[in-house]
Structures are given as C-alpha cells and as structure tokens.
Amino acid sequence: YERAAYQAQRLRRAVNRSDGHLQLVLTRRDLAETIAARVSGERVTAALLGTEGSHALEGGLGNIQGLHDEGYRTMGLHHFFDNELGGSLHGITGEGLNDFGRAAVQEMMRLGVIIDVAHSSEATVDDVLAMTGRPVFVSHTGVYGECASARNISDDHMQRIAASGGLIGIGYWEGAVCDNSPAGIVRSIRYAIDLVGVEHVALGSDYDGATTVTLDTSELAILTQTMLDEGFTEHEIRSVMGGNAVQFFLENLPE
C-alpha cells in the first residue's frame with residue numbers, strides 16, 4: 001500500500017513540475033479538458049493511475065478508499081498469482097472471488113473505480129460480471145480463439161465483457177498474440193473486432209519492462225499501416241488506435 005501511495009505522490013510531483021504538459025486525470029471533465037487542449041495544439045499528456053493486481057490493498061477494504069484518495073481510478077484485481085481477493089488466471093485454485101474479493105468489488109463500485117479483469121481467472125470474471133452492471137475492461141490481453149494461450153480468457157468471456165460495455169486491450173507480446181510481429185498483433189485485433197465489435201477493441205501494449213515486444217511507442221504507426229494493408233476501414237483504425245479508449249474513460253470515469 002505504501003508503495004502504491006508513493007507512486008501516486010511521485011506522479012503528482014511530476015505533474016507539478018511539468019509546466020502544464022502532464023495532467024492527472026481523475027474525472028471525465030479532466031480528460032475532456034486534456035483532449036480539448038491537445039486538439040487546440042497544446043503539448044499535454046493525460047496520466048491515469050491504476051493498479052495491476054490488488055496486492056496494494058493488503059487485505060484491507062479501507063485501503064481502496066485510501067488509494068482512491070491518492071488518485072487511483074482503475075484497479076486490476078489480480079496479477080500472476082491468487083491473492084486475498086480470489087483466483088488469478090495464472091494461479092493454482094482457478095477459483096472466483098472470495099468473501100473479501102466480493103466486498104472489495106462492491107467498494108470499488110461504490111467509489112466509481114473502474115475494474116480491470118486482466119490476469120483474473122475466468123471464475124473471477126464470472127463473479128465480477130454477475131455483481132456489476134457497470135462496464136469492466138481488460139487492459140492487456142489476447143483473445144483465446146486467435147491465440148490459444150494460458151494468458152488469454154475464452155471468446156465467450158470476451159463477448160460477455162463487451163456486452164457489459166467493456167473494453168478489451170490487445171497486447172503486443174507473444175503470450176497474448178502468439179505472433180508478436182505487427183502482422184500478428186493486427187491479426188488478433190481483427191479477430192477481436194469480428195468477435196465483439198469494433199467499439200470494444202483497443203491497444204493493450206503491456207509496456208511494463210517484463211514482456212518482449214517488437215515495437216515501441218515511436219513505432220505505433222506500423223500498426224496503422226498494417227491495418228491499412230489488411231483492409232481495415234478508417235473508422236476501425238481510428239477506433240482501435242485510441243478512439244475507443246478515450247470514449248470508454250469519458251463514459252466511465254467519475255463525473
């Protein structure tokens with residue numbers, strides 16, 4: 001918890017030092033104002049705080065409020081192992097949410113925190129979808145029907161996440177897309193669009209330093225070009241390359 005709070009404080013210091021070029025997004029209005037500034041030609045980047053896994057909760061419901069107060073607006077429930085909330089996609093039990101996990105999800109919902117089910121077991125995804133009528137998202141993943149990897153949840157679950165109004169971020173690493181070339185990434189994007197609809201698909205790079213990828217942020221245009229080469233429409237490309245993510249957060253961040 002202290003580490004997560006410290007990272008939030010570091011981000012705020014970076015915002016304060018940025019002379020307006022970095023803006024912390026806490027609300028829909030914050031994001032809309034940052035987008036308007038960019039459209040007007042200002043050099044400004046939006047920063048959104050989220051956890052990967054809920055280890056920072058340390059089993060305490062009150063820590064959700066604490067992290068929310070620090071500025072966290074998305075929370076992933078799991079990472080690489082089962083935790084106090086229940087089963088991870090990579091864990092031993094395969095279980096869903098336990099009693100604390102259900103209470104934690106309810107508290108996140110109360111505060112308007114957007115829930116990220118990346119790395120959560122399929123049983124956990126079932127439980128989350130049954131508890132909330134609000135959209136959830138998968139920040140970084142692949143789609144099992146295109147890449148039968150233990151990292152990816154089923155097509156049925158992807159469709160149910162999309163039906164909730166959710167967003168699915170397609171990653172760039174081999175475990176997510178099987179072929180992590182630009183063509184392989186775009187193949188998974190195409191599959192996801194055909195499976196759940198274009199409005200639910202986004203980029204989910206996973207630039208965390210622990211994955212091996214073939215392109216960095218300066219080279220994202222290769223994804224646009226590959227989609228053009230593969231016959232994607234302009235609407236599909238604009239949606240995947242940022243439009244859907246912006247719209248999702250404009251609709252689901254706190255007012």
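Colleague: Which exposed residues does the face of H9 turned away from its buried side carry?
Modeller: Ala 221 and Asp 229. Exposed means over 50% relative accessible area, buried under 20%, and partly exposed in between, with a 1.4 Å probe and protein chains only. Helices (H or I, at least four residues) and strands (E, at least two) are DSSP runs, numbered from the N terminus.

Colleague: Before we go on, what are the ground rules?
Modeller: It is a predicted model, so local features need pLDDT of at least 70 and side-chain atom pairs count only at pLDDT 80 or more, while totals for chains, interfaces and linings use all residues. Residues are numbered from 1 along each chain as its sequence is written, and side-chain values use heavy atoms, with hydrogens and water left out.

Colleague: Back to H9. Which residues are buried there?
Modeller: Leu 223, Thr 226 and Met 227, in a helix that covers residues 221-229. Down the axis of H9, the buried residues fall within an arc of 100 degrees, so they line one face of the helix. The arc is taken from the directions from the helix axis to the C-beta atoms.

Colleague: Why would residues three or four places apart point the same way?
Modeller: Because an α-helix has 3.6 residues a turn.

Colleague: What do the buried residues of H9 pack against?
Modeller: Helix H8 (182-196), strand E8 (201-203) and H10. Contact here means heavy atoms within 4.5 Å. After H9 comes Gly 231, with a positive phi near 85 degrees.

Colleague: Which residues other than glycine have a positive phi?
Modeller: Among them are Asp 19, near 55 degrees, and Asp 206, near 70 degrees. Most residues other than glycine have a negative phi.

Colleague: Where is Asp 206, and is it buried or exposed?
Modeller: Asp 206 sits in the loop between E8 and H9. Asp 206 is buried, at 12% relative accessible area. Asp 19 lies in the loop between helix H1 (2-17) and strand E1 (22-24). Asp 19 is exposed, at 69%.

Colleague: Switching to strands. What does E7 pair with?
Modeller: E6 and E7 pair in the parallel sense over three bridges. E7 and E8 also run parallel, joined by three bridges. Two strands pair if DSSP finds at least two bridges between them. Val 138 stands opposite Ile 168 in E7, and Gly 169 has Ala 202 in E8 as bridge partner.

Colleague: Which faces of E7 are covered?
Modeller: Both. Leu 167 and Gly 169 are buried on one side, Ile 168 and Ile 170 on the other.

Colleague: And the aromatics: how many pairs?
Modeller: Four aromatic pairs. Rings of Phe, Tyr and Trp (its six-membered ring) pair if their centres lie within 6.5 Å; planes under 30 degrees apart count as stacked, over 60 as edge-to-face and the rest as tilted. Phe 137 and Phe 248 have centres 5.7 Å apart and planes at 40 degrees, so that pair is tilted. The pair links distant parts of the chain, 111 residues apart: Phe 137 is in strand E6 (residues 137-141) and Phe 248 in helix H10 (residues 234-252).

Colleague: What else does Phe 248 pair with?
Modeller: Phe 249. Their centres are 5.3 Å apart and their planes at 80 degrees, so the pair is edge-to-face. Ring pairs link Phe 137, Phe 248 and Phe 249 into a cluster.
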